[in-house]
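Here is a short note to read beside the model. Keep the structure open as you go through the points.

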Amino acid sequence: MADQPADKKFFENLSGAGKAIGVLTSGGDAQGMNAAVRAVVRMGIYVEAKVYFIYEGYQGMVDGGDNIVEVSWESVSSILQVGGTVIGSARCKEFRTREGRLKAAFNLIQRGITNLCVIGGDGSLTGANLFREEWSGLLEELAQSGKIEEEAVKKYVYLNIVGMVGSIDNDFCGTDMTIGTDSALHRIIEVVDAIMTTAQSHQRTFVLEVMGRHCGYLALVSALACGADWVFIPEYPPEEGWEDQMCVKLSENRARKKRLNIIIVAEGAIDSHNKSITSEKVKDLVVQQLGFDTRVTILGHVQRGGTPSAFDRILASRMGVEAVLALLEATADTPACVVSLSGNQAVRLPLMECVQMTQEVQKAMDERKFCEAVRLRGRSFENNLNTYKLLSHRKPDTELPKDHLSCSTNFNVAVLNVGAPAAGMNAAVRSAVRVGITEGHNMFAVIDGFEGFANGQIKEISWRDVGGWTGQGGSLLGTKRALPAKYLEKIADQMRTNNINALMVIGGFEAYLGLLELSAAREKYDEFCVPMVMVPATVSNNVPGSDFSIGADTALNTITDTCDRIKQSASGTKRRVFIIETMGGYCGYLANMGGLAAGADAAYIFEEKFDIRELQANVEHLTEKMKTSIQRGLVLRNENSNENYTTDFIYQLYSEEGKGVFDCRKNVLGHMQQGGAPSPFDRNFGTKISAKAIQWISKKLRETYRRDEGKVFANTEDSVCLLGMRRRNLLFQPVVELKDQADFVHRIPKEQWWLKLRPLMKILAKYKTSYDVSDSGQLEHVARHSPKEAETGAI
């Protein structure tokens, strides 16, 4: 790192020497809190600050003594995968009094702590801000009573506060996701998937009550992720007469041979008069009006339990590092802030602006201004709600759009999967089919990708055909890697025969190449002069133009879960290092992010070249760590990271060099990373991105329909697009324009955002490295969006 770019800013100038950081968790616990604690401790020690655990939240701060303890790097080993919070959390009435805060200030001053990292909900963070505002007054009072010296008042003149929101409800405004939310969704979806099998056996209706006293996020997203028949949330009460409407819908579904009904109720659900809607009330209604066999399942604290998901571990680790950077940069004039992610971008927001907006949501609901409450929740929440409304109920044929621009028939839109299967593809297809039907199109499914297309494996697909698809892994349409170039004439014939007016392709790099080939073939075949859109779906996450792909999150969770089990297998044995090979082709996303989520010591990837000297240095580094209290090591290797330094070679090297200190085991994860039920993130992402893609197709069809000829004709570059997540927004990008961004030899994007997280993983594994903070979060104001932004902005 000798030649550092001039425009880069590295944290070496942000030394924490002489500073003391206290970290506490407060309020309700949430999975991922330990990952945040671990990141704060290790980043704090890395910048040479002293770091203290404050046990039992604010209660421990008030009580002092053994509740405030300086910690070492090893203190946070093996806590990454543990749910809850190892430093404890408690409600503290005493801290709400000035006398309690006076005790807390004294206990912090005794240890020189003037930097606090608070992980909790809005109540915990509001308390921290009040503490900060009172700080100088508290110190003066302590000095007047003789408990501290006047010098201490001058030395510790101000208190810095940085918050991280730990709440499974995702009820804090200004943040995309709070720590624990994704893990709670995992617990809910696991239960829903299990219930669906038994419900189908007996033709039952299940009413599931999930947490969310003031926020319906968990209920709404889990309803979206499992295709629930009905959902009740506090921000969007049902209309008058909802009882009859719900029963009619359940009856219609049974009449269509649907063997089960799922109704999800947030614990804080209300009707339009602010009266509570309970799960028991819903069950009684269904039994009395329909006579259906109906059961209630209340998930309760199951949602708070279990190991954190890969998403939560990465989110919390990134936020923990960002929190330390924010503390190092803070001055007396810096407001208390919250660190979070917006899209994949780190942000810092003024704490009290977030708290104020969160309180405005509750005020709007109390005043029965429910549309305002939904808007204040943010674009992501509003998009979830709009997508659920689109997909949950089929409009009668009389209400569907007809006769597009004097066209004699509605448009025909084909959907196909291309490339390797990825979990979440089926959720994407379901969404595309249902939104397409709602938009008035005839939807066609192509079986087995472009090869199937050429062979005429095309059939019309209905609303009912895709019922229950969200939770299915793999590709129910079938998918193949074949590209269209050698089938162009046959595919054009099928497009003409079936009068296909638009094409939606769901897949990975092959899908991208396929659209490039179809776009180039427009000169020869008019049949390809139709709107075409691609939705990225691949476990490798290697599609140019998108930071995320459907399926990558599920694969990441498989890797993380497997690493947890493998490490646990060595529990109680002598020191052991595991070498694990991941998929991804030449793209190191899974190895790198899996390493960050599982707490790996090293992750070897193609994008960052390595040689025998680095391998040797890694072995020596791990050997030194193993001489301490560390028991296990973890090394990940991307399958195509280096043709000579194979998984076997690395295993043998570590085995030989570690003799006498540790032994080695290796594991090739293989295709298990492509299998299994899709994660909540992949179901939700696939559902929303497909809905947006079909809406784009509808817009392009209207723009390119030629009335005089009675046909669609689109031959501009912007009519063949890839819909990708870029930083904070979903963007439609012409596939031709993305060619410069792609490495076609290795099938990866030339620039990949996650490579900036490489140093973070190394820092948390105790390596000395330079961490570029020029891309770290800057203090922003909380954005208030207009209703139209929900249609065009972030997912």
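1. Ground rules. This is a predicted model, where local features need pLDDT of at least 70, side-chain atom pairs count only at pLDDT 80 or more, and totals for chains, interfaces and linings use all residues. Residues are numbered from 1 along each chain as its sequence is written, and side-chain values use heavy atoms, leaving out hydrogens and water.

2. Helix H4. H4 spans residues 122–144, 23 residues in total. Helices are DSSP runs of H or I, at least four residues, numbered from the N terminus. From first C-alpha to last, H4 reaches 33 Å, close to the 33 Å expected (1.5 Å times one less than its number of residues). A kink of about 55° is centred on Trp135; the bend is the angle between axes fitted to the seven residues ending there and the seven starting there. Just after H4, Gly146 has a positive phi of about 80°.

3. Cores. A nonpolar core joins buried Ala, Val, Leu, Ile, Met, Phe, Trp, Tyr and Cys residues through side-chain atoms within 4.5 Å. Buried means under 20% relative accessible area (1.4 Å probe, protein chains only). The largest core has 154 residues; Ile506 is among those with the most contacts inside it. Helix H10 (residues 310–329) gives the largest share, 12 residues. A second, separate core of 51 residues includes Ile54 and Leu159.

4. Cysteines. How many disulfides are found? Zero, in a search of the whole structure; a disulfide needs two cysteine sulfur atoms within 2.5 Å. Cys215 lies 8.0 Å, sulfur to sulfur, from Cys173, its closest, so the two are too far apart for a bond. Cys215 is buried, at 2% relative accessibility. Cys354 is buried too, at 0%.

Notes. Helices (H or I, at least four residues) and strands (E, at least two) are DSSP runs, numbered from the N terminus. Buried means under 20% relative accessible area, exposed over 50%, partly exposed in between (1.4 Å probe, protein chains only).
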